[in-house]
Amino acid sequence: HRLINALAQRGFSSEQAEAISDTIREITLSNVATKGDLRELENRILKWMIPLMVGQAAVFGLIVKWFVG
């Protein structure tokens with residue numbers, strides 16, 4: 001309500017102030033990640049990371065085996 005009041009004090013009608021406030025809220029919320037978005041991203045990262053870590057360990061094991069004999 002602060003934004004609406006500030007706009008109204010500067011000469012905007014209440015309808016204009018509410019429309020501006022609603023638009024800003026929609027734009028802001030459309031660019032915010034939710035907890036669900038972050039969980040999904042974490043799962044996607046882990047889905048790629050775990051096989052890469054296993055592969056890295058296998059390569060490291062082969063290198064050690066190659067040097068040690």
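## A ring pair near the end of the numbering

Let's start with W66: its relative accessible area is 67%, so W66 is exposed. Here "exposed" means over 50% relative accessible area, "buried" means under 20%, and "partly exposed" is anything in between, using a 1.4 Å probe and protein chains only. F67 has a relative accessibility of 65%, which makes F67 exposed too.

What you're looking at is a predicted model, where local features need pLDDT of at least 70 and side-chain atom pairs count only at pLDDT 80 or more, while totals for chains, interfaces and linings use all residues. Residues are numbered from 1 along each chain as its sequence is written, and side-chain values use heavy atoms, with hydrogens and water left out.

Back to the rings. A pair of aromatic rings is described by the distance of the centres and the angle of the planes. Rings of Phe, Tyr and Trp (its six-membered ring) pair if their centres lie within 6.5 Å; planes under 30 degrees apart are stacked, over 60 edge-to-face, and the rest tilted. How many aromatic pairs does this rule give? The count is one. In that pair, the ring centres of W66 and F67 are 5.1 Å apart and the planes sit at 55°, so it is tilted.

## The overall layout

What is the chain built from? It has three helices and zero strands, where helices (H or I, at least four residues) and strands (E, at least two) are DSSP runs numbered from the N terminus. The chain is more spread out than a compact globule, because its radius of gyration is 27 Å, well over the 11 Å that the globule rule gives for 69 residues. That radius is taken over C-alpha atoms, and the rule is 2.2 Å times the number of residues to the power 0.38.

The C-alpha trace spans about 85 × 20 × 15 Å along its principal axes. Of the 69 residues, 6% are buried.

## Charges and a salt bridge

There are 8 positive and 7 negative charges, and their mean positions are 14 Å apart. Lys and Arg count as positive, Asp and Glu as negative, and His and the chain ends are left out. Each charge is placed at NZ of Lys, CZ of Arg, CG of Asp or CD of Glu.

Searching the whole structure turns up one salt bridge, meaning a side-chain nitrogen of Lys or Arg within 4 Å of a carboxyl oxygen of Asp or Glu. Which residue does R25 bridge to? The partner is D22, with the closest N and O atoms 2.9 Å apart. R25 and D22 are three residues apart in helix α2 (residues 14-30), so about one helical turn separates them. R25 is partly exposed at 44%, and D22 is partly exposed at 34%.

## Distances along and across

M53 sits in helix α3 (residues 35-68) and is partly exposed at 46% relative accessibility. M53 and S14 are 39 residues apart in sequence, and their C-alpha atoms are 58 Å apart in space. I63 also belongs to helix α3. I63 and L3 are 60 residues apart in sequence and 63 Å apart in space, C-alpha to C-alpha.

Now take Q16, in helix α2, partly exposed at 41%. Q16 and I4 are twelve residues apart along the chain, and 8.7 Å separates their C-alpha atoms.
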